[in-house]
Each structure stands twice: as structure tokens, then as C-alpha cells.
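Welcome, and please take a moment to look at the sequence and the 3D structure below.

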Amino acid sequence: MVLLLGVTVAAQGIGSAFTNGSSVSLPGTQSAQLAELLARNAPEQTGDNVTVVLHDERGWDTEVDVHTLTRELAAVDRVRSVRPPSPQQGTVSPDGTLALVQVALEGEQGSAPKATYQRLIDVSTAHATDHVQVELSGKGIRKLQQGSGGVGEGVGLLAALVILVLMFGSLLAASLPLITAVFAVGSTVGIVALISHVMSIPDFTSGLLLLVGLGVGIDYALLVFSRFRSELLHGATREQATRRSLDTAGRSVLFAGASVIIALLGMFALRIALFEGTVTAVSLTVLVTMVASLTLLPALLTLFGPRIEKSVRRHAAKARREPGAGWRRWAQRVQRSPWPALVLAVLALGALAAPALGMRLGFNDAGNDPAGTTSRVAYDLVSEKLGPGANGPLVVITEGSRDAAEAVRAKVQADPGIVRDGVTQPVPLSDGTYLMRAQPSTGPQDAATTELVTDLRNQLGESALVGGSTAANIDFSQTVADRLPTFLLVVVGLSGLLLMCVFRSLLIALKASVLNLLSIGAALGAMKLVYQDGLLWGHAGPIESFMPVFIFALVFGLSMDYEVFLLSRMREFWLASGDAQHAVREGLSHTGSVITAAAAIMFMVFGAFALLPDRMLQQAGFAMAVAVLLDAAVIRCLVVPAVMQLLGARAWWLPRWLDRLLPQLNVEGRPRPAS
């Protein structure tokens, strides 16, 4: 409580210094070099921009007093400059019915306060009439209209509470995992806000902290509390139950949390600065929730111990069947027919994973915003009147004489991917360089635009730089794709090594890695169908460039959670009895209900984020919800028992030379007879 209150007060007093997460330039790319040139020679071109779209079918200037509008916009706080519509600059449509007013803001992208964007909206829309349509676009406008996501988190927590009450039969008992998670997440949010002053952390990280922290926090606390409940029902005193739950389930939480952190820190192998702040913050969230489950939860169990024990025993007395009996029968069915269970499950997961091969990476723009929002209407008007490429023009910079700049302009204009008269006249910058803008004939998210950027760079060679927001997004996506194999090798290799140390088995580590890859592929395939192809409720568009990497790291770690929970229990019975089939049955019977309840809670918490207006969080929440559901329902409760049955005692085999090399990590706690 002191930690939570302390960091909250400090964070409120000092504030945060999150960076703009929409800035995606990478050092060494042409788009980054171009951005550096602009920052030195034309800083007004590098800040936030807002576009005011004026539309009137009688003619855009029939009724609007553009001089008054530009003067009022220039008077808004943080506005650096206002450029009125100009046919020469391509900001007036050929039919004269639409014009663009460009507003440049002071400071870096994302640094202007919300009040500035709201004032720009108010000033601009005051000029709207029955005939004049006024809309606004820009990253700040989009962020303002998205609002906050409190509804999604609230729905997830309420659903989690309902599941826990049904599971434990007591509001008090059900509240303990939630209290632990909320304390951990609240503390982490404050800590990360303070850390943002000393390292670069993108502004979208806060939403990911809530997404991960609530799911993982409830998950870890639930595992410890469930073991505490199980020990009580097997005759232990409250003190014994607390010690045994920490000595067994607590160790599982420790190793499970370590696997998640290892998977997340594997993203450092990508060498992308945008990821490093986010990964550090999310890893810290997992660490704090893990510590809270091993410290705060036992304290709560002690404080409320008598009331919790009474409710646990009363709820157990009302139960009509032995705990775990249904899961024991399910394990026996799978053991009788392991091959059909394994083949059908793998085929189903493979079919769902297949669409992921056609995933197209990129960054969403206003064209993906909900219909009716001002940014979406502005995007559609610009596409209709000026062409789809006007929403993402390319920026070309040359160095040398004006004649050289004119030659570059002629080459760019001659490319069939550029609209007719779509290249502006070269504008000299302060150091003798020239800037021009080129309008593609296709939209920012089209594959043809990616090909256009590559073609122009090949044609122009070293005589010019091709950049801009569209080109920067393309560079980012390509860099992620190029470095992905290294990332996969690091994450899978380190996680597999940890499993070998924990379970002293080579085959279990290999099996876990393969099955995790399969479930993650299925989750990514489902995400592609909904958010790229537009099935169900999704709006068609690209998958966020960093989303597959983030989903892979986090889901791979969370999958290892369930692997550790289930296999540690199986290993307990294997060490006690030496009977592989008995270990599979009893391991699943003792953890099946906990794993499915934890997965159901995570599914609700993650799925609730699909209700948020932020498309990035929608994709993350949906993919993680699907991954958790498939991992718990298909992998852990169907495929793992089938594979363990087929492997038998060989599942626990480890070469002697490797056994001597690997450190001994005990996840089963102190040896005692299995119950």
C-alpha cells in the first residue's frame, strides 16, 4: 500500500514524459535521414500537423472567408504557422469543391496539449454552414476523438469477478486475486510514468500495461490462491496451506513470470528503439505482478484467513462431486485415443494459422477510423476529391543545384505510380537542399505504394532521399520483417532452455515450443481474418507492424505459464509414483479447473480491450484473447495429455551430459507425498 500510494503521489506531482508512439523512423533508413535533414533545415515541417478540410459543392470558397479562418487558426496556442489553400501546392481539388488548410504546430509530434486540438476543432467548425462542410484530420485529432478506455477495463474486471465468484462461491475469496492485480498494476503505472523521464517510452504503452498487468496479475494470484484452497480441503491448516502454496504454486509463478519476461526481453534482439521502452515497461509490469502474488496475496490470506477458510469449506461441502473428477475422466478419454485427439487438434490449429501467412504489416491511419468521425470523413473527402495518395504524400529531398532538383522532379513525375502533375515545384531549404512532395496514385496502405517507394529509391539512387510518414511506415515494417528470424530464435531458444532446466526433459521443451508456435500462429491467423480482411466486426486494414512481434513475445510467455502450471503438477506425481500415465491424469485433474478458469478470466480481460476505440489495442486484445483460449482449451487440455500419453516415461528423459550442464531448478517445492 505504501508503494502504491508513494508512486501514485510522485507520478501525479512529477507527471509523465511519454514520447509520441506514432513516430516510427529508424536510424539508417532513408526516411530517418530525411527526417534529420528536415529537423535541421526546416523544423516547421517536422512537428505535429492538423489539416482543415473545406468542402462545398458550389466551390470551396463560395461562402468561407479563408482569411478570417487562417487568422483565427494562427491565434490558437501552440500554432506555428497556417498555410491557406494553394492550387500550386496541390491543396485545392481540380473541380474546386475541396481545399485544405495546413496548420503546423510548435514542438515535436504529440507534444501539443489536448486543449490545442480541441480549440482548432472549435475554431474550424464554427465556419461550417448548411453548404460548407468542415472536417479535420491529423494524429492529434485522431487521438482526441478516441477518448479513454475505462469501459473496456471495467467490463473485463467485472467479468473476471463473476467467474471467480462462481469458482470459489465467495465474494471475498473471489476479490483477492483482483485486489492483488489492481494493486500491482496501479503501482506499475506510477513507476513507469516516473521512468519515462529517464528513458524513451511511447505513449501507447500505458494501454498495454493495463492489458498485460490485469490479465497476468489475476492469473498468478489465482494459481497461488487455488493451491491454498486445495491444501485447505486436503486437511492442512491455514499456515500450512499458505506455506505449501508458496512453496509449490509460488515457484510455478516465479518460473512462469520469468518465462514471460525472457520472451519480452527477446524483443531487444530486434534493435528497434521504439520497442525497448515498451518492452521494459511491460516486463516491469509482469515482475511487479509476480512479486505481488508472492507477497501481497499471502498477506491478504493471513488477514482474512478465518473468513476465507470458512467460505472455502462451506463451498466445498455444497459440491456434489469430488474436485477434479471430471478432469480425471477427460484425461482418461484422451489417453484411450491419443492419436485422434492430437491429429484433429493440430489440423484445426493449422487451418486457423494458415491465413497468417498472408499478413500485411503497416500502420493504421484515418482511413481505419470509425465511420462518421471527423478524421475518417476528412480522409474520405480527400481521397474522393484529390485522390487516395493525397492522404500520404511522399517527401523527396535533393542536394545540389536547382537544375539537379528539377531533373529529380522530372524522374519522379515520370513514374506511373505518381498522379499527373502530382509533384510540387522544388522548394529551397536553408542549406541548399530542395524539397518536393509527390502524390502516389494509390493510398498509404496499398501494396502498390510500397512498390512505388522501392522503385523511386532504386531509380534516384544517391541523388535524392525519399521519405515522409508513408515511407517511414514502409521502412519500419520491412526492418521488423528482416530481423524477425533472430528474434524468434532468441525467444524460443531461451524459453526452451528454461523449461529444460525446470523439468529436466528435452522432449517437453521441444514439445512446448512447437505447440506454442502453433497456438500463436492460430491467434495471428484469426487476427488477420478480422482486422486485415474485415471479417465479423473488424474494419479492413493493415496489421500494426509491431503487433505480430509483441503478440508472439507475450503469448509465448503466457503459454509457458500454463505449461509450467500443468507440467509442474504432472512432475510432482511422476516423482512420487514413477507412473507416467497416472502423472498425466492426476496432473490434469488438479490443474484443469484452475487453468480453464484462469484462461476464461484472461479471455474476458483481453477480449474487453477489443471494445476500445484504439485499433492497436483492439488487435492486441483480440489476438491475446484467442491465443489464451486456444492454449487452454485445445493445447493444455487436449494436445498435451495426448502427447504425454504417447511419450510415456520418455517424456522425462534428458541426456546425462546435458543434465550435468544444466542448473538444477526445483519447481515442485519440498518433496512430500502427492495428494
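Let us begin with a charged pair: R376 forms a salt bridge with D380, and their closest N and O atoms are 3.2 Å apart. A salt bridge here is a side-chain nitrogen of Lys or Arg within 4 Å of a carboxyl oxygen of Asp or Glu. Both R376 and D380 belong to helix 14, four residues apart, or about one turn of the helix. Helices (H or I, at least four residues) and strands (E, at least two) are DSSP runs, numbered from the N terminus. D380 is partly exposed, with a relative accessible area of 35%. For such labels, buried means under 20% relative accessible area, exposed over 50%, and partly exposed in between (1.4 Å probe, protein chains only).

Some notes on reading the values: this is a predicted model, in which local features need pLDDT of at least 70 and side-chain atom pairs count only at pLDDT 80 or more, while totals for chains, interfaces and linings use all residues. Residues are numbered from 1 along each chain as its sequence is written, and side-chain values use heavy atoms, with hydrogens and water left out.

Three of them are listed here.

| Pair | Closest N and O atoms |
|---|---|
| R376 and D380 | 3.2 Å |
| D631 and R636 | 2.9 Å |

K385 is buried, with a relative accessible area of 14%, whereas D95 is partly exposed at 46%. In the pair of D631 and R636, both residues are buried. Salt bridges also link R227, E231, R244, R569 and E572 into a network.

What about a charged residue without such a partner? D415 is buried yet has no salt bridge, and the nearest side chain of opposite charge, K411, is 11 Å away. For charge, Lys and Arg count as positive and Asp and Glu as negative; His and the chain ends are not counted. D415 sits in the loop between helix 15 (402-414) and strand 7 (418-423). Leaving aside neighbours within four places in sequence, D415 is in contact (heavy atoms within 4.5 Å) with L452, D455, L456 and Q459.

**A sheet with helices packed on it**

Next comes an open sheet of four strands, with the order 2-3-1-4 and antiparallel pairing. Strand 2 (79-83) and strand 4 (133-137) stand at the edges with a single partner strand each, so one side of each has no neighbour in the sheet. Two strands pair if DSSP finds at least two bridges between them. On average, neighbouring strands of the sheet are turned by 20° against each other, direction ignored.

Seven bridges join strand 1 (residues 49-55) to strand 3 (residues 98-105), and V50 stands opposite V103 in strand 3. Helix 3 (residues 66-74) packs on the sheet, touching strand 1, strand 2 and strand 3, and its direction makes about 165° with that of strand 2. Axes are lines fitted to C-alpha atoms, for helices over the stretch in contact, and angles run from 0 to 180 degrees between N-to-C directions. Helix 4 (residues 114-125) packs on the sheet too, touching strand 1, strand 2, strand 3 and strand 4.

In helix 3, the residues V66, T68, L69, T70 and L73 are buried; what covers the buried residues of this helix includes strand 1, strand 2, strand 3 and helix 4. Strand 1 and strand 4 pair over five bridges, with L54 opposite V134 in strand 4. Four of the five residues of strand 4 are buried, so this strand is largely enclosed by the rest of the structure.

**Aromatic rings**

A search of the whole structure finds eight aromatic pairs. Rings of Phe, Tyr and Trp (its six-membered ring) pair if their centres lie within 6.5 Å; planes under 30 degrees apart count as stacked, over 60 as edge-to-face and the rest as tilted. The rings of F275 and F476 have centres 5.9 Å apart and planes at 85°, so the pair is edge-to-face. F275 is in helix 10 (residues 273-303) and F476 in helix 17 (residues 469-503), 201 residues apart.
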